[in-house]
Amino acid sequence: MSRNVLETVMGAVVLLVAVGFLFLIYSGTKANTSSDGYALVLRFDRGGSVLPGTDVRIAGVKVGSVTSQILDPEAYQAVVTIEVENDVKLPKDTSAVVTSDSLLGDNYVLLEIGGDTEMLQPGDRIANAQGAINLAELINKFVVDTNSGGN
């Protein structure tokens, strides 16, 4: 009888731990939907894995997140909307680059601040945006160039 009680208690503990982990994962990956910032638009030839919830950073510090990504059927570009914190004012010549933490790390949008005195307004487009680098294409190009250079 005591063995059944012990197994039941252990099962309940395992279930509680599993629910705790699921809550932690869900709350950590949930996109921030609060409207405490302003929206800016980016256009990329290669959007990479820039999905809603992806970080937007300046100098490694998170200042916003991606809120949407759609395909422009006319230009065949990824149109990405980001939300930046209200207290972060960006010059008009700010540029955006999709990059990653490491070789296999998560992608994020890095904002590189310009020197213009005029600031971007909500809904403006960041004109200079560079999409993600395709690692497989880069390695393939290196291998092909290395092999064809000697012949």
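**Entry 1: the core**

A nonpolar core is a set of buried Ala, Val, Leu, Ile, Met, Phe, Trp, Tyr and Cys residues joined through side-chain atoms within 4.5 Å. I wrote that down before looking for one here, and I note that the model is predicted. I found that the largest nonpolar core has 23 residues. Leu-42, Ile-82, Val-84, Leu-90 and Leu-111 are the ones with the most contacts inside it. I then looked up which elements give two or more residues to this core: they are β1, β2, β3, β4, β5 and β6.

I picked Val-84 from that group. Leaving aside neighbours within four places in sequence, I listed Gly-37, Tyr-38, Leu-40, Val-63, Gly-64, Leu-90 and Leu-111 as its contacts. Two of the names, Leu-90 and Leu-111, I had already written down for the core.

**Entry 2: the chain as a whole**

I counted 2 helices and 7 strands in the protein chain. Read from the N terminus, the order of elements is α-β-β-β-β-β-β-β-α. The chain has 151 residues, and 28% of them are buried. I noted an accessible surface of about 10200 Å², with 59% of it belonging to carbon and sulfur atoms. I also looked at contacts between residues at least 6 apart in sequence; 61% of these join residues at least 24 apart.

**Entry 3: the sheet**

In what order do the strands of the open sheet lie? I traced β1-β4-β3-β2-β6-β5-β7, an open sheet of 7 strands with mixed pairing. β1 (37–44) and β7 (128–130) are at the edges with a single partner strand each, so one side of each has no neighbour in the sheet. From one strand to the next, the twist averages 30°.

I checked two pairings that involve β6. Strand β2 (residues 55–58) pairs with β6 (residues 107–112) in the parallel sense, over 2 bridges. Its residue Val-56 has Val-109 as bridge partner in β6, and Arg-57 has Leu-110. β5 and β6 pair in the antiparallel sense, over 6 bridges. For Val-97, I found that the bridge partner in β6 is Leu-110.

Is Gln-77 buried or exposed? Gln-77 lies in strand β4 (residues 77–85). Its relative accessibility is 18%, and the cut-off for buried is under 20%, so Gln-77 counts as buried. I found a polar contact of 3.1 Å between the side chains of Gln-77 and Asp-45. Apart from neighbours within four places in sequence, Gln-77 is in contact with Arg-43, Phe-44, Asp-45, Ile-70, Leu-71 and Asp-72.

I followed Ile-70 from that list. Ile-70 lies in strand β3 and, at 54% relative accessibility, counts as exposed. With neighbours within four places left aside, the contacts of Ile-70 are Gln-77, Ala-78 and Val-79. I also looked up Ile-70 against Arg-43: they are 27 residues apart along the chain, and their C-alpha atoms are separated by 9.8 Å.

**Entry 4: two positive phi values**

Most residues other than glycine have a negative phi. I looked for residues that depart from this and wrote down two. Ala-59 has a phi near 55°, a positive value in a residue other than glycine. Ala-59 is in the loop between β2 and β3 and is exposed, with a relative accessible area of 73%. Tyr-76 is not a glycine either, and has a positive phi of about 55°. I located Tyr-76 in the loop between β3 and β4; with a relative accessible area of 62%, Tyr-76 is exposed.

**Entry 5: Thr-94**

What does Thr-94 touch? Thr-94 is found in the loop between β4 and β5. Not counting residues up to four places away in sequence, Thr-94 touches Leu-111, Glu-112, Ile-113, Gly-114, Leu-120, Ile-126 and Asn-128. Leu-111 in that list is also one of the residues with the most contacts inside the core of my first entry.

Technical notes
Residues numbered from 1 in each chain as written. Predicted model: local features only at pLDDT ≥ 70, side-chain atom pairs only at ≥ 80, totals over all residues. Heavy atoms only, no water. Pairing = 2+ DSSP bridges. Helix = DSSP H or I, 4+ residues; strand = E, 2+ residues; numbered from the N terminus. Axes fitted to C-alpha atoms, helices over the stretch in contact; angles between N-to-C directions. Buried < 20%, exposed > 50% of the residue type's maximum accessible area, 1.4 Å probe, protein only. Contact = heavy atoms within 4.5 Å. Areas by Shrake-Rupley, 256 points an atom, 1.4 Å probe, with all protein chains shown as cover. Polar contact = N/O pair within 3.5 Å; in protein donor to acceptor, adjacent residues only side chain to side chain.
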